[in-house]
Amino acid sequence: MKTKVGVFFGGRSTEHEISVISANQAINAFNPEKYEIIPIYVSKDGHWYTGRELLTLSNYRNIPELLKKVTEVYMRPVYGDFNLYSVKKPMFGKDIVDTLDVALPVFHGTNVEDGKFEGVLETIGLPYAGCNTLASANGMDKITMKMILRSEGVPVVDYVWLTDHQWASDRDAMIKKIEDTLGYPVIVKPADLGSSIGIGAAHDRDQLVERLNEASRFSSRLIVEHMVTALREINCSVLGDADEYETSVLEEPIKAEEILSYGDKYMGGGMHAAQKRIPAQLPDDVAATCRRLAGETFRVLGCHGVSRVDLIMDDDTKKVYVNEINTIPGSLSYYLWEAGGLSFEALIDRLMKLAFKRRRAEEGKTLSFAQNIFAMGGGTKGGIKK
């Protein structure tokens, strides 16, 4: 029998459309002899839908019309229930639309790539490919990610972080802290977004204020980083789990602006189509450092499945820093693995095997005790008396 894979995509995220593109690429890479794909589209208002019409990318040009042709579904938060249920109950027969064996989340951005959705799958117990709730949350938030990496000796550029409330209520103090700690130029980012949304460079105080005002539109947590002026961006994908993983060929994105923009990444058709050099033209020792740091980032954060680690190199000093990790990378970074001889279909197979491997490992853990403390007379102190 074929394995039924629920591919989840879309979501309440500023990267909604990018997720649809990545999911479409992944769906087309599955071997139809081995897998039956159940597409599950999460709309921008958080409703779930399934139907064959979701498999055609051009249908998303008119989403209201598309949603009229598909079925709205949900999953019950009951452990072991892997059914998709129809929101509209049929007059006769069952309301089960389909049953999943495993899930492949292909989400990007806040509310979906940050551990929230992964927590839903873990509550249900459905095997899935990719990082768990903790790794997803830490990978999405650039502040906690850098704190963890720095504590483990993984190099990151100097930074200052603040909240939108601090920026609104104590602006002068925040500016002074940034200028005293970092100076100029700096990069300003929302802490928990991807795809270069809300990111900008600041070369003086006026630009800093402008960039922080813009970033605070997207997130309550903001980060300001030292800007490496002789910058080269290097990306490396990592595949496996925190105990056993491998690194991909390196790529060097080619940016049209001072920093790699949303347009550089996606307006040409997705990360796989963005301008880049594969493999990146680097000395052997620098390339080895990039791969080592990418692997260490994946390991330290407890990642799983396929991720992409974005590094930056100071071309003057040749020092390499970890910039961020994408726990569900655009296009699942398939083009980096293809460049090293692993096809997209084989990459998908590996992800499915990793999902079931993790599930087997989790089933071997003790999650509860057989003893009932209430039957033994314990746990009653302070209880309600009738």
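Reply: Buried means under 20% relative accessible area, exposed means over 50%, and partly exposed lies in between (1.4 Å probe, protein chains only). In this chain, buried residues make up 52% of the 386 residues. This is a predicted model, in which local features need pLDDT of at least 70, side-chain atom pairs count only at pLDDT 80 or more, and totals for chains, interfaces and linings use all residues. Residues are numbered from 1 along each chain as its sequence is written, and side-chain values use heavy atoms, with hydrogens and water left out.

Me: How many helices and strands does the chain have, and how compact is it for its length?

Reply: Helices (H or I, at least four residues) and strands (E, at least two) are DSSP runs, numbered from the N terminus. The chain has 12 helices and 16 strands. The radius of gyration is taken over C-alpha atoms, and the globule rule is 2.2 Å times the number of residues to the power 0.38. For 386 residues that rule gives 21 Å, and the chain has 23 Å, which is close, so it is as compact as a globular protein of that length. Its C-alpha trace spans about 65 × 60 × 40 Å along the principal axes.

Me: What is the volume of the largest pocket, and which residues are closest to its centre?

Reply: Rolling a probe the size of a water molecule over the atoms shows where empty space is left. On a 1 Å grid over the protein atoms alone, a cavity is a set of points where a 1.4 Å probe fits but cannot get out, whereas a pocket is an open set with protein on both sides within 12 Å along at least five of seven lines; lining residues have an atom within 4 Å of a point. Grid points are joined across faces, edges and corners, and a volume is the space filled by probe spheres set on the points. Here the largest pocket has a volume of about 570 Å³. It is lined by 25 residues, and the closest to its centre are Asn132, Arg358, Arg359, Ala361 and Glu362.

Me: Which helix gives the most to that lining, and how do the lining residues divide by type?

Reply: Both α3 (116-124) and α12 (344-363) supply at least two residues of the lining, and α12 gives the most, with eight. For the types, Ala, Val, Leu, Ile, Met, Phe, Trp, Tyr, Cys and Pro count as nonpolar, Asp, Glu, Lys and Arg as charged, and the others, Gly among them, as polar. The lining has 12 nonpolar, four polar and nine charged residues.

Me: Is Lys142 buried or exposed, and what does it touch?

Reply: Lys142 belongs to helix α5 (residues 142-151). Its relative accessibility is 2%, so it counts as buried. Leaving aside residues up to four places away in sequence, Lys142 touches Lys189, Pro190, Ala191, Leu193, Ile223 and Glu324. Met140, in helix α4 (residues 133-140), also counts as buried, at 9% relative accessibility. With the neighbours up to four places away again not counted, the residues that Met140 touches include Ala191, Asp192 and Leu193.

Me: Where are the cis peptide bonds at Pro185 and Pro279 placed?

Reply: The bond from Tyr184 to Pro185 is cis, with omega near 0 degrees, and Pro185 is in the loop between α7 (171-181) and β9 (186-190). Ile278 and Pro279 are joined by a cis bond with omega of about -5 degrees; Pro279 is in the loop between β14 (276-277) and α10 (284-300).

Me: What is phi at Ser331 and at Leu332?

Reply: Ser331 has a positive phi of about 60 degrees although it is not a glycine. Leu332, likewise a residue other than glycine, has a positive phi near 55 degrees. Ser331 is in the loop between β16 (320-326) and α11 (334-339), and Leu332 is in the loop between β16 and α11. Ser331 is buried, with a relative accessible area of 1%, and Leu332 is buried, with 2%.

Terms used: Contact means heavy atoms within 4.5 Å.
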